[in-house]
Amino acid sequence: MRLGDVLSKPPKDDFVQVDGFLLDKKGNIGQQVSLSIGEVMLNYFCARCEDIRTFTSRGKLCCIVVSKRIVSIDCVMTCGCGTIVQAWFLVESEEDICGPAPKIRILKRSEKLSELVRINDERYGEFSALLDMAERAYREDLGAGAIVYLRKSFEKITVKTADATGIHYDMYEGGNPKKFSILLQKVDKQCSIIPREFSSNGYRLFRELSNIVHGEYNEELALLKYKSLLRLIIGILDNVRNNTELMTAIGSLGWNDEGQDND
């Protein structure tokens with residue numbers, strides 16, 4: 001396996017053996033080396049193409065040696081339409097990274113995305129933007145920040161469903177609902193927005209998100225729990241999205257509005 005193949009996949013904790021890519025190099029700190037590791041290919045939503053597209057690395061890839069076990073790699077990837085994504089990888093080796101067949105893993109991957117590129121597609125309308133911001137925060141190791149956007153998604157889909165179906169609820173002056181647990185219970189009873197697999201724990205999910213946001217958990221635990229919490233939020237969005245009658249009502253209230261709160 002070539003290093004480009006590993007860079008084209010989501011980061012994992014396990015070390016993977018790759019063909020040597022720094023053979024005969026000294027691996028001095030700060031040394032810059034041109035790489036022959038194959039193409040790096042990652043999928044993103046391209047607004048210009050209005051679809052998920054594969055962005056492919058262009059030009060020669062280079063790395064900077066950070067230590068005997070770590071290198072930093074920058075690359076520019078483009079969609080077929082010419083839209084650009086800049087990506088950066090921090091790659092760690094189990095032993096000497098200049099060896100003939102090093103075992104490596106991606107310590108960190110970071111992207112610079114333009115307004116034309118998103119991580120998620122647009123299937124969830126305005127909620128796609130919130131999920132996108134959650135994922136970006138997660139990839140930057142900002143666990144609490146990522147959870148804020150998941151919590152915001154949960155709040156907004158519940159409120160929009162209540163508005164669409166005429167469920168009354170009290171609000172604070174800023175527009176946020178009072179007694180969210182009662183509102184959620186009313187909405188779920190009438191519209192079944194919580195997937196039945198965890199329907200009895202709908203508010204527990206919100207409480208879990210809130211505990212992280214308000215500092216009850218540390219960043220490391222927030223990052224650890226993010227993927228599971230994300231899947232549950234997507235389950236709620238899918239539940240609403242698959243309800244045609246509810247979607248029609250929510251759509252009339254602005255499901256596809258582009259604006260969103262950044263609180």
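This is a predicted model: local features need pLDDT of at least 70, side-chain atom pairs count only at pLDDT 80 or more; totals for chains, interfaces and linings use all residues.

Guide: A nonpolar core is a set of buried Ala, Val, Leu, Ile, Met, Phe, Trp, Tyr and Cys residues joined through side-chain atoms within 4.5 Å. Buried means under 20% relative accessible area, exposed means over 50%, and partly exposed lies in between (1.4 Å probe, protein chains only).

Residues are numbered from 1 along each chain as its sequence is written, and side-chain values use heavy atoms, with hydrogens and water left out.

Now the core itself. The largest nonpolar core has 37 residues, and Leu150 and Phe154 touch the most other members. Helices H2 (126-139), H3, H4, H5 and H6 each give two or more residues to this core. H6 gives the most, with nine residues. Helices (H or I, at least four residues) and strands (E, at least two) are DSSP runs, numbered from the N terminus.

Look at Phe154. Contact means heavy atoms within 4.5 Å. Leaving aside neighbours within four places in sequence, Phe154 is in contact with Phe180, Leu184, Ile194, Gly202, Leu205, Phe206, Leu209, Ile233 and Ile236. A second, separate core has 33 residues, including Phe21, Val40, Phe89 and Ile119.

Next, helix H5. H5 spans residues 202-213, twelve residues in total. From first C-alpha to last, H5 reaches 17 Å, close to the 16 Å expected at 1.5 Å a residue. That expected span is 1.5 Å times one less than the number of residues. Which residues of H5 are buried? They are Gly202, Leu205, Phe206, Glu208, Leu209, Ser210 and Ile212. An α-helix has 3.6 residues a turn, so residues three or four places apart point the same way. The cover over the buried residues of H5 includes helix H3 (143-165), helix H4 (180-191) and helix H6 (219-241). Just after H5, Gly215 takes a positive phi of about 90 degrees.

Now the strands around E4 (residues 51-65). Two strands pair if DSSP finds at least two bridges between them. Strand E2 (residues 32-35) runs antiparallel to E4, joined by four bridges. There, Val33 has Cys63 as its bridge partner. Strand E3 (residues 41-46) also pairs with E4 in the antiparallel sense, over six bridges. Tyr44 stands opposite Arg53 in E4. The hairpin of E3 and E4 has four residues between the strands, and Glu50 takes a positive phi near 60 degrees there. Strand E5 (residues 70-78) pairs with E4 over seven bridges, again antiparallel. Ile64 has Ser72 in E5 as its bridge partner. Four residues form the hairpin link from E4 to E5.

Last, the cysteines. The structure holds zero disulfides; a disulfide is a pair of cysteine sulfur atoms within 2.5 Å. The closest cysteine sulfur to that of Cys62 is in Cys63, 7.7 Å away, too far for a bond. Cys98 is in no disulfide either, as its nearest cysteine sulfur, that of Cys63, is 8.3 Å away. Cys62 is partly exposed, at 38% relative accessibility, whereas Cys98 is buried, at 11%.
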